[in-house]
Amino acid sequence: MHARNEAPTEAAPSWPDDIFEILQRFDVRQVPYVPDAGHSQLIERVLSERAMRAVPLTTEEEGVALLAGAWAGGQRGVLLMQSSGVGNCVNMFSLTQIFRFPFLTLVTMRGEWGEFNPWQVPMGSTTSGVFELSGIKVLRASHGGEVRDVVDAAAGQAYNACTPTALLLSQRLIGAKVFVK
Amino acid sequence: MSKANLLERRSVVSALLEGRKDAIAVGGLGASTYDIAAAGDHDRNFYLWGAMGGAVMIGLGVALAQPELPVVVITGDGEMLMGMGSLATVGLQQPKNLTIIVLDNEVYGETGGQASHTAANTDLVGVAKACGMKDARSLATMAEIKTFAASMQDISAGPRFASIKIDSANLERVLASRDGSFIVNRIRGALGFQPI
């Protein structure tokens, strides 16, 4: 659990709602995901929206292929995952170059900003590099107040210009996971 | 390489697609894509030349986007094994218009005929059943295949899964288009979507 989830009296942040509203505005219809605590609020919104199809995955690379199929069928989608899942996708990222389809992924970061678990650090440290080497543009949001603008830009270039884009949501934004108090 | 009494893959795929009507066909990389091309190029053919393990998920994405159209994924045992988790994902979504067909020759034919897991203990029909595929079966005769092909048009009774044991002979390649933008935009055009 993340720090914010262990303090239920704390108000839920508004940035996940900002993301949801932008996805609605861009007519995003398929939302594949591997769950992450940082995405939990957004996933709840997606699950309660009839116009969106939430698609839980067994591994993140499934989501890349799903979105290619969705585009062939006339729908837009977005892949929600944690930074550790990015490495699972590498070969499937080929599809973003081969089909030049509007690929957007929102990635909650681990392995940075006060990380407790060393096992998260190697993949968290290479997440941005993996995307760039795969030909996917990287944007990052680190503060709640900038999420709306950055997501809007990411969705705009992905859906309007078919520019494959990854938006990293910093661990600083989400809060480092608390293992011991 | 050839074993007696096993079906010939090109005849199988031709029979599966003969009465396809508006169906979208997704071919896994390797011989399945050549088989679909050999059955006749089509605006609604989604050929894969890579992305091993992704064929079923591409089919699911199309099937969810186009619930009124039959969508059929035709792939090989090696490609299916690499994306076996996607059967669980399909089992969760229950797309009624999706059919998954594995042409199982029990070898990696493109790379020299090395044995795949289905040559020994892996039972893909059992996996599909256990993942919640309503209709999961083996097809062993051309008569069964023709009946099954007709049932693929029923978009109210999926998801379906069929495994067909085929002869492992390597046939001459029939090359489909390998230009991804062309393939995907041709399908989109056939469905009435404009380029960006």
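Me: What makes the strands E2-E1-E3-E4-E8-E7 of chain B an open sheet?

Reply: In this predicted model, where local features need pLDDT of at least 70, side-chain atom pairs count only at pLDDT 80 or more and totals for chains, interfaces and linings use all residues, the 6 strands follow that order with parallel pairing. Strands (E, at least two residues) and helices (H or I, at least four) are DSSP runs numbered from the N terminus, and E2 (45–47) and E7 (135–139) of chain B each have a single partner strand, so one side of each is left without a neighbour in the sheet. Residues are numbered from 1 along each chain as its sequence is written, while chains are lettered from A and ligands numbered from 1 in the order in which they are written.

Me: How do you know that strand E1 and strand E3 of chain B pair?

Reply: Pairing requires at least two bridges found by DSSP between two strands; E1 (24–27) and E3 (71–76) of chain B have 4 bridges in the parallel sense, and therefore count as paired under that definition. Within E3(B), Val71(B) is the residue opposite Ile24(B).

Me: Which residue classes make up the side of chain B that touches chain A?

Reply: The contact, defined by C-beta atoms placed from the backbone and lying within 7 Å, takes 27 residues from chain B and 28 residues from chain A. H3(B) gives the most on the chain B side, with 8 residues. That side has 15 nonpolar, 11 polar and 1 charged residues, where Ala, Val, Leu, Ile, Met, Phe, Trp, Tyr, Cys and Pro count as nonpolar, Asp, Glu, Lys and Arg as charged, and the others, Gly among them, as polar.

Definitions and conventions: Contact = placed C-beta atoms within 7 Å.
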